[in-house]
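This report covers strand pairing and aromatic contacts in one protein model. The sequence and structure are shown first.

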Amino acid sequence: GGGAGGGKTKTTLRIIGMDKSPVSECFGGVLKTTIRYSASKASASLEPFWSIALDLSDAKQIALEDALAAYFAEEKIEGVYNDSTKQESRIGKRVEIERGPQVLLLHLKRFMFDGSTAHKTVTRVEFPESLSLDDYYCKGSTSAAANCNYALIGVVSHHGPKSHQGHYTASIRQPTMEWSKLDDDSVSSVSLHDVLQEQQGNAYLLIYELTKVSKRDCNVESPAI
């Protein structure tokens, strides 16, 4: 751990390393989690991530952007005992992106477990072809000024009403920018419209890739974590 200054707030920074591998080079990013105990004391950690798991509401439909906003929203934690003041206080917890991955995996949490039972959430998720994560980057990160936009390149879907049975398919964007659907040993052409519309109720994993411009800009002086 070490000290990271910022105005009058004293922040203790902890860094968790990421082993370099083909997987981390492709899917690895860095999240910064900041816990603010008071106006003058905070702690932060930089740690690697390979996917982001998004909660789905009980609503019939939700936009992917809203699910991301909920994930990155500051969390208020009540009733935390403060050793210095000997009183309970409220602290704030916030997660931000320090460095985005080349390929972003968004896991939609469709399978919910309640004790011994499990069920599938059938919330329809509206997801775009182009996705911007600019709002969720750390203000002080080297990637913050870059236009880090992502383009959809794949969707993995689970078909079936139950968590313990069903069928998986995948739709992928080819280098030709055409889309293909993989269903067991069957490969067929599919339109982008079908990918964006028909998969909303079944999408389980969304795969986005940094656009070419963003790929160049976001890697400039990225911190080695």
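## Strand pairing

In this predicted model, His159 stands opposite His167 of strand β15. The two strands concerned are β14, residues 149-159, and β15, residues 167-173; they run antiparallel and are joined by six bridges.

Strand β15 also pairs with β16, residues 179-183. These two strands run antiparallel as well, with four bridges between them. Within this pairing, Ile172 has Ser180 in β16 as its bridge partner.

## The β15-β16 hairpin

β15 and β16 form a hairpin in which five residues lie between the strands. Met177 is in the turn and has a positive phi of about 75°.

## Aromatic pairs

Across the whole structure, a search finds four aromatic pairs. One of them is formed by Phe72 and Tyr136, whose rings are stacked, at 4.6 Å centre to centre and with 15° between the planes. This pair links distant parts of the chain, the two residues being 64 residues apart. Phe72 belongs to helix α2, residues 64-72, whereas Tyr136 lies in the loop between β13 (130-132) and β14.

Ring pairs also bring in Tyr71, so that Tyr71, Phe72 and Tyr136 are linked into a cluster.

Are Phe72 and Tyr136 buried or exposed? The cut-off for buried is under 20% relative accessible area. Phe72 has a relative accessible area of 4%, so Phe72 is buried. Tyr136 has a value of 15%, and therefore Tyr136 is buried too.

Terms used. Residues numbered from 1 in each chain as written. Predicted model: local features only at pLDDT ≥ 70, side-chain atom pairs only at ≥ 80, totals over all residues. Heavy atoms only, no water. Pairing = 2+ DSSP bridges. Phe/Tyr/Trp six-rings, centres within 6.5 Å; stacked < 30°, edge-to-face > 60°. Buried < 20%, exposed > 50% of the residue type's maximum accessible area, 1.4 Å probe, protein only.
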